[in-house]
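Work through the exercises below on charged side-chain pairs. Each task is followed by a stepwise solution.

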Amino acid sequence: MEVNADFDKAVCVNTGALAWQASPMAGVDRRMLDRIGGEVARATSIVRYAPGSAFPEHTHSGGEEFIVLEGVFQDEHGDYPAGTYIRNPVGTHHIPRSDPGCTIFVKLWQFEPDDQEQIAIDLCSAALTAIPQMPGVSRHVLAQRDYEDVAIEEWDAGSAVRLNETGGFEILVLEGEVRHSGEVYTAQDWIRWPSGLDAEFVAGREGARIWIKRGHLSEIRVPPQA
């Protein structure tokens with residue numbers, strides 16, 4: 001299966017317009033944002049767990065990172081409420097579930113094998129620092145690697161932010177509005193932009209809070225069978 005699999009093209013998605021698709025597990029549905037592969041895939045998705053639903057135990061052969069957007073995600077290691085950012089490296093495993101239900105933004109098969117730091121960060125309490133070379137932008141780094149830079153950013157109301165990143169970038173809107181080329185992107189909307197291509201975004205009247213990953217689109221890792 002391929003969904004938005006041409007990484008040389010910009011993709012901007014109002015995710016609320018996408019239909020939910022059933023996963024192999026009852027009560028777990030997903031909106032596919034990009035994907036290369038079958039049930040084992042390099043994938044970026046929004047996944048919704050109905051109350052009381054679960055996935056069987058599995059190992060992250062290509063790593064996993066996710067943000068809890070709504071509700072509470074759970075596994076044998078703990079409970080993770082909305083606003084939690086998780087990185088599970090290659091080789092980790094768990095049994096995911098959600099007793100109350102939850103929605104997460106999740107990326108699979110996008111870790112370098114030697115990136116073995118496992119983290120859980122409360123985004124709601126993360127301290128942001130103003131970026132002098134980017135007026136109106138403040139930032140908190142979540143993970144900084146040779147192959148990617150991951151952060152949350154707050155853009156002040158009306159701020160115009162121009163991006164042109166070697167290795168491209170990816171944005172998930174967490175709160176507020178981001179405007180681009182006459183379109184408006186709000187909470188849970190997703191943007192993926194290829195390397196070296198200019199883009200200007202403008203924060204809405206109440207500003208914007210985003211998750212942003214930079215530099216990771218130069219080399220696309222996929223599962224062996226894909």
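**Exercise 1.** Are Arg-139 and Asp-149 buried or exposed?

Solution. The model is predicted: local features need pLDDT of at least 70, side-chain atom pairs count only at pLDDT 80 or more, and totals for chains, interfaces and linings use all residues. Residues are numbered from 1 along each chain as its sequence is written, and side-chain values use heavy atoms, without hydrogens and water. Buried means under 20% relative accessible area, exposed over 50%, and partly exposed in between (1.4 Å probe, protein chains only). Arg-139 and Asp-149 are both buried.

**Exercise 2.** Determine how Glu-148 and Lys-213 are paired and where they lie.

Solution. A salt bridge is a side-chain nitrogen of Lys or Arg within 4 Å of a carboxyl oxygen of Asp or Glu. The closest N and O atoms of Glu-148 and Lys-213 are 2.7 Å apart, which is a salt bridge. Glu-148 sits in the loop between strand 16 and strand 17, and Lys-213 in strand 22 (residues 199–214), 65 residues apart. Strands (E, at least two residues) are DSSP runs numbered from the N terminus. Both Glu-148 and Lys-213 are buried.

**Exercise 3.** Which parts does the pair of Glu-154 and Arg-209 tie together?

Solution. Glu-154 and Arg-209 form a salt bridge at 2.4 Å, N to O. Glu-154 is in strand 17 and Arg-209 in strand 22, so the pair ties together parts 55 residues apart in sequence. Glu-154 is partly exposed at 32% relative accessibility, whereas Arg-209 is buried at 12%.

Technical notes
Helices (H or I, at least four residues) and strands (E, at least two) are DSSP runs, numbered from the N terminus.
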